[in-house]
Each structure stands twice: as structure tokens, then as C-alpha cells.
Amino acid sequence: MIEHVAEIAAFSGYVYPNETVVPWTVLITVYPYLTGLVAGAFTVSSLYQVFGMQRFKPVAHFALLTSLCLMLFVPMPLLLHLGHPERAFNAVITPHTTSAFAVFGYAAGFYIVLLMLECWFVFRPHMVQQAQQRSGPLGWLYRVLCMGSYDVSETAMRYDRKWIFALAVIGIPAAHGLHGYVGFVFGSLKSREWWSSDLMPAIFLFSAVISGTALLIVLYVVSCRLRRTVIDLECLKGLAYTLWGFLMFTLVLEGLEFASLVYRGREGIDVIMQYVTGPLLVPFFILQFGIGSLIPLVVLTFMISQGTTGRALIVGITVSAVLVLLAVLMMRWNVVIGGQEISKTGKGLLTYHPLIFGREGLVAAASVLAAPLAFLLLMVRLFPPWAEAPAASASPSPHAGAR
Amino acid sequence: MKQETISSLVARRAFLRKIGRAATCAGAIATAGALGVTQKVAAKSEPASSRGSFPTPDYDWTKRRWGFGVDATKCIGCLRCVEACKRENNVPADAHHFNTWVERYVYLEGEAKARVDSQADPQNVAASGSEKEYRFDNRYQDSKVEKAFFVPKLCNQCEHPPCVQVCPTGATYKTKDGVVLIDSKYCIGCQYCVQACPYGARYFNVRTRVTQKCYWCYHRITKGLQPACVEACPVGARIFGDRNDPQSPISLFIRNNRVQVLRPETGNAPNVFYVGIDKEVG
């Protein structure tokens with residue numbers, strides 16, 4: 001029997017014979033999820049670096065490092081998905097100018113370089129200090145990373161800050177462009193009514209910002225617990241406000257998109273309605289909209305209006321952030337898988353069954369999601385991103401803190 | 001009486017001799033003429049992938065403008081075309097990968113919408129007993145059928161192919177003669193083209209790990225042969241030819257009929273022209 005990347009999809013109604021093998025698997029839901037987290041985390045870092053919002057200082061460098069760690073793994077789900085990953089560079093060597101996908105190599109490459117540069121400038125004082133103090137392999141590593149630049153004088157720092165500002169400014173359109181383009185990949189296709197929407201890039205962007213902010217909230221709270229440090233409530237509140245505001249935009253855009261789809265009522269809408277009220281009821285209305293979006297919105301609104309503070313605020317914000325992370329994951333799933341479960345015939349529905357193991361299975365997808373977080377764990381040890389880190393002379397030492 | 005018999009025998013012998021000579025001459029001419037044909041037939045039995053000269057070196061793609069017609073009023077749903085195509089083009093021998101397929105539309109009495117299925121429907125596969133041979137089952141035997149017809153489907157080789165538009169590497173491209181090809185040695189297997197095709201004509205071949213689809217048997221038509229499905233069709237429901245030639249079957253088909261294309265609203269401008277399809281066919 002022929003080995004498939006996914007199980008043969010069961011179907012009802014009429015679907016084209018070639019549709020029973022779902023082309024884009026769970027890995028392609030992970031891909032926009034990762035790029036979204038990158039864009040969102042970078043937004044938070046920019047709020048401090050570019051817009052000078054001091055309340056985000058405690059997480060600004062951490063956000064940047066998170067963004068880099070996630071971005072390094074963005075090509076992973078795509079490479080795992082490709083039939084011929086060894087030919088991946090064909091899209092870069094001979095890009096087809098009319099293809100949205102052809103942009104990926106350039107956009108991702110540019111953005112990774114930008115992130116690495118910005119991280120280099122941000123963590124340079126730490127690297128210089130470590131390169132001078134440490135011996136052994138770690139000292140060697142820091143010395144290589146310093147690239148011969150050991151000047152940490154005030155003049156040099158001023159120069160670095162200029163670079164950081166410039167890179168952060170360029171990074172905003174780069175990060176959002178990279179993610180908006182992912183929305184375009186889906187929204188520009190006229191073959192699927194579920195995807196074909198001008199609002200798709202905007203929805204992807206706003207959901208990216210909320211997912212990245214939510215991830216930072218969770219990681220910040222968890223890291224503070226691990227480091228046994230006090231959570232900066234002003235910072236956390238700032239993150240919660242960001243989450244709250246962008247969550248509203250996201251919900252409005254998603255609502256508008258769905259409303260236009262139903263209102264236009266083009267060919268195939270009967271099947272789409274049958275789908276959203278049937279198989280998609282739980283993942284779309286309950287998980288994505290209800291539990292994932294409305295509950296956090298209500299909780300955050302309540303806490304902000306009531307002036308909740310202390311432990312209740314931390315718990316409320318963290319729970320909301322976890323729910324938003326779930327909502328955005330479900331949104332990616334509902335777009336990518338949902339679009340493919342509605343047949344192009346407009347006369348039938350398919351059911352995608354992901355494989356557990358294998359190159360495009362659930363385990364692979366979960367690993368791709370977990371890998372950047374594991375890498376981040378290593379990176380925060382090498383480059384302590386916490387606000388107190390630059391004042392290394394103060395006790396406790398940042399390295400000990402990271403532990 | 002005997003004399004007569006002998007003379008008639010001589011005459012018959014002379015006649016036969018003449019016929020023999022004529023036959024020899026005709027044979028010689030036929031042999032000479034058939035040489036070309038034999039070469040073509042020999043080429044036919046070779047899979048395209050095994051040939052070093054693909055596409056045919058002496059073929060000029062600027063001279064042709066291929067077109068395909070489907071006369072749905074003639075199709076009897078025998079599915080010989082599907083089987084011929086599978087063999088000719090190394091299409092995976094299962095019920096989930098097809099370069100061409102046939103849809104059955106059945107309007108039962110009192111029902112507003114057509115019931116649609118194809119040979120890939122599990123019930124039809126069960127009726128055939130094999131995923132390699134195809135037939136439509138008799139599920140409507142005891143129903144009151146108001147209207148029913150078959151619609152063969154294949155790649156439309158669109159004028160503005162969305163699959164080509166989205167291909168990130170340019171591995172899939174439109175030739176000068178109008179056929180959309182895939183360079184299987186350059187395709188990265190991202191399957192964006194599979195998503196972009198509104199007709200479901202493309203699929204991912206797990207064995208080669210690249211996308212595959214109907215290309216109107218390009219390896220055959222560039223040698224002067226007909227696509228395998230056209231050749232296999234017993235009723236002439238599939239029409240193929242060069243639109244640059246006003247007397248070609250496809251030119252005549254388009255000129256003499258009021259033809260339709262599938263999903264014209266997409267702007268893809270398909271190059272498969274249909275006669276005898278109904279409102280629900282898309």
C-alpha cells in the first residue's frame with residue numbers, strides 16, 4: 001500500500017477524487033503560528049526599543065531573544081513538509097516572481113539576519129564581559145561572538161543604541177510584513193472560499209501580535225517563578241493592555257471576515273455553513289471564539305476596570321494569555337485545516353486525520369513547537385535578557401539568576 | 001466446357017498475379033509509410049520518463065496551440081479513459097490520485113440538486129472490487145431518474161493558470177503551445193499549486209515526492225499522437241487537436257458547438273471546452 005503523509009480523508013457529499021489526500025498537514029498550521037509568535041514578540045520588544053515605553057523594559061530584551069529563537073525554527077515545519085527539502089533553495093536561486101511563497105526565503109533570511117544583528121548589539125556588553133572573564137569553551141564562544149569588538153565605552157554604547165533603534169525600526173515592517181505575507185498566502189487563493197479574503201493578512205497580523213504578547217506573558221511569569229524574582233506588575237499590566245487592545249481588533253476583524261463570507265453567500269456557502277455549524281462548531285466557535293477569545297477579553301476587561309492587582313492580577317493575566325495562545329493555535333488550525341476540509345467542489349466536506357508519528361505527524365509538529373522554547377532556555381543562560389542583567393556588578397549575578 | 005474452364009483458370013491466375021503485384025506494391029508503399037507509424041507506435045509503448053529526448057527534440061512548440069474538447073452528451077461513463085491514463089502516465093494505482101476522472105450527475109425525481117459521484121467514490125470502488133480498475137455501480141437502478149449524465153474532467157491547461165502563478169520555483173510553467181507542464185526534477189513539493197487549482201486537477205505523488213497532473217499526454221502529442229484518454233474513448237466524447245489548424249477536430253468542435261468552460265468566473269480561462277454540461281457542473 002502507498003504510504004501517505006496523512007491518512008486518507010473521509011468525506012461526505014461530493015469531493016474531487018484528488019482531494020482525499022489533504023495537501024497541507026498539521027505542520028502548516030505550526031508554521032504561521034510560529035511566525036505569528038515571532039512578529040508578536042518583536043512588537044513587544046519594539047514598544048520599548050522604538051516607542052520608548054519604559055514599562056516594557058523588563059521583557060524587552062527577552063522578547064527580542066524569544067523572537068530570534070522562534071524565528072530560527074520557522075523554516076523547520078516547511079522543510080519537513082516539502083517533498084524535496086533538499087531543493088528548498090530552488091525558490092531562492094530562481095524565485096518565481098508571481099509566487100507569494102518565493103518571498104519566504106528572502107523575507108525570512110533578511111529577518112533572521114536583522115534579529116541576529118539586533119541581538120548582537122543588545123547583548124554585546126554581556127558578551128564582552130563574559131569573553132574577558134571566562135576561559136574554556138564558553139569563553140572561546142563569547143570571544144568568537146564578540147567578533148573582535150571589545151569597546152564598551154559610552155561612545156560605543158551610544159553608537160550601539162543607534163543601531164538597535166534603527167534595526168528595531170526596520171524590524172517592525174519586516175516582522176509584520178513576514179507575517180502579513182503568510183496571511184496573503186492563504187487570502188490570495190481564489191480556489192477556496194474559506195481562505196479567499198482580503199482581510200486574511202490583517203487577521204493574521206493582529207492575531208500574531210496577540211499570540212506573541214500572550215507567549216511573552218506566560219514565559220515572563222514562568223521565568224520569574226523559576227528565577228524566584230518578583231514579577232514587575234507594571235510591565236505585566238502593560239502586556240495585558242497590549243493583549244486586550246489587540247485582542248479586540250482581532251475579534252472584530254475575524255467577526256467581520258466571517259460575516260462578509262456569510263453575507264456574500266457565494267456558491268458553496270451551504271456547505272460552509274454546514275461545516276461551521278457541524279465539525280467546526282467546537283474548534284471554531286467554542287475553542288477559538290468562546291474559550292480562547294471572549295473569556296480572556298471578559299477577564300481582562302473586568303480586571304482592568306476593577307483595578308485588580310497582586311496575585312489575582314497575575315493569575316488572571318496568565319490564564320488569559322494561555323487561553324489566547326490556544327485561540328490563535330485554533331485559528332491557524334481552523335484556517336489551514338478548515339480550508340482544506342471544505343471541498344473545492346462546494347458540494348462536500350472532508351475530515352483530516354493527522355498521523356501521530358512520521359514526518360508530518362502530530363509528534364513532529366509538537367516537537368517543532370517545543371524546540372524553539374528549549375532553545376530559548378539555553379539562550380537565556382548564554383545571554384541573560386533580564387533588565388537587571390546589564391548591571392552585572394550588582395548581586396546576584398545574572399548568570400546565577402538565570403539558573 | 002473444359003477449354004472454358006482452363007481459360008478461366010488462366011484468367012483467374014493472371015488476375016491473382018496482378019493482385020499479388022498490386023499487393024506487393026501496396027505493401028511496399030505501406031511499409032515505407034508505416035515506418036513512421038511504427039516508430040510512433042514504438043514510442044507509444046515507452047513511458048515518457050524513460051526517454052532521453054523529452055520533449056521531442058524536433059518539435060516546435062511555437063507552431064501549435066493545443067485544445068481539448070469534451071462532449072458530455074456522448075460520454076457513457078465506461079472509464080476506459082481513466083484506466084488508459086493511469087497506465088500511460090504512471091499515475092498511482094489507487095482511488096486517490098487521478099490525472100483524469102469522470103463525474104456522474106444524477107437528478108432523481110423530486111430532487112432539486114444533482115447527486116454527484118466519481119469513479120473514486122468508495123461505493124464505486126467496492127463495485128469494481130479493485131482500486132486499479134474503475135466502474136460506476138448501479139446504485140440508481142431502482143430509482144426514478146429524471147436526468148443523468150457523465151462529465152469527464154482533466155487539467156484545463158488554463159490560459160492564466162493559478163498553479164503556475166503560485167509556484168515558488170517556476171518548476172511548473174506554461175508552454176508556448178498552451179500546455180502546463182511540471183519539471184519534476186525542479187519541483188520542491190510544497191503543494192501550493194495543488195491548493196491553487198480550483199478544479200482539483202493536481203495531486204502530490206508520494207513516490208516521486210513532487211506534484212503531478214494531466215498534461216494532455218505531452219509526450220504523445222508532441223509526436224503526432226493523440227492523448228491516451230482520447231484514443232481510448234470508444235464514443236468520441238474527448239476531442240483533441242491543434243487550434244491553429246482550422247480543420248482539426250478541436251477547431252471544428254469549438255466552431256460547430258456552443259461550448260462552455262468550467263468556472264469562468266475565476267479568470268483562469270480554461271482550455272478544455274465542454275458541450276452538454278449542466279448548471280451544477282463546476
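Leaving aside its neighbours within four places in sequence, with which residues is Cys167(B) in contact?

## Surroundings of Cys167(B)

In this predicted model, Cys167(B) is in contact with residues of both chains: His96(A) and Ser99(A) from chain A, and Thr172(B), Tyr192(B) and Cys193(B) from chain B, neighbours within four places in sequence being left aside. The residue itself belongs to the loop of chain B that runs between α4 (162-166) and β5 (172-174).

Cys167(B) counts as buried because 29 C-beta neighbours lie inside 10 Å, where 20 or more are required. A separation of 24 residues in sequence divides Cys167(B) from Gln191(B), while their C-alpha atoms are 8.5 Å apart in space.

## The side of chain B that touches chain A

The contacts between the two chains involve 37 residues of chain B and 35 residues of chain A. On chain B, at least two residues each are supplied by β3 (115-118), α4, α5 (192-196) and β7 (203-205). The largest share, four residues, comes from α5(B). Tyr192(B) and Cys193(B), two of the contacts of Cys167(B), fall within the range of α5 (192-196).

Sorted by class, this side of chain B holds 21 nonpolar residues, 12 polar residues and four charged residues.

## A three-stranded sheet in chain B

Chain B includes an open sheet of three strands, ordered β9-β1-β10, in which the pairing is mixed. From one strand to the next, the twist averages 20°.

Strand β1 (residues 66-71) of chain B runs antiparallel to β9(B), and five bridges join the two. Within this pair, Phe68(B) stands opposite Phe240(B) of β9(B). Helix α8 (residues 249-256) of chain B packs on the sheet and touches β1, β9 and β10 of that chain. The direction of the helix makes about 115° with that of β9(B).

## Chain B as a whole

The secondary structure of chain B consists of eight helices and 10 strands. Of the 282 residues in the chain, 39% are buried, and Cys167(B) also counts as buried.

How large a share of the contacts in chain B between residues at least 6 apart in sequence join residues at least 24 apart? The share is 62%.

Definitions and conventions:
Residues are numbered from 1 along each chain as its sequence is written. Chains are lettered from A and ligands numbered from 1 in the order in which they are written. This is a predicted model: local features need pLDDT of at least 70, side-chain atom pairs count only at pLDDT 80 or more; totals for chains, interfaces and linings use all residues. A residue is buried if 20 or more other C-beta atoms lie within 10 Å of its own, exposed if 12 or fewer, and partly exposed in between; C-beta atoms are placed from the backbone. Two residues are in contact if their C-beta atoms, placed from the backbone, lie within 7 Å. Two strands pair if DSSP finds at least two bridges between them. Axes are lines fitted to C-alpha atoms, for helices over the stretch in contact, and angles run from 0 to 180 degrees between N-to-C directions. Ala, Val, Leu, Ile, Met, Phe, Trp, Tyr, Cys and Pro count as nonpolar, Asp, Glu, Lys and Arg as charged, and the others, Gly among them, as polar.
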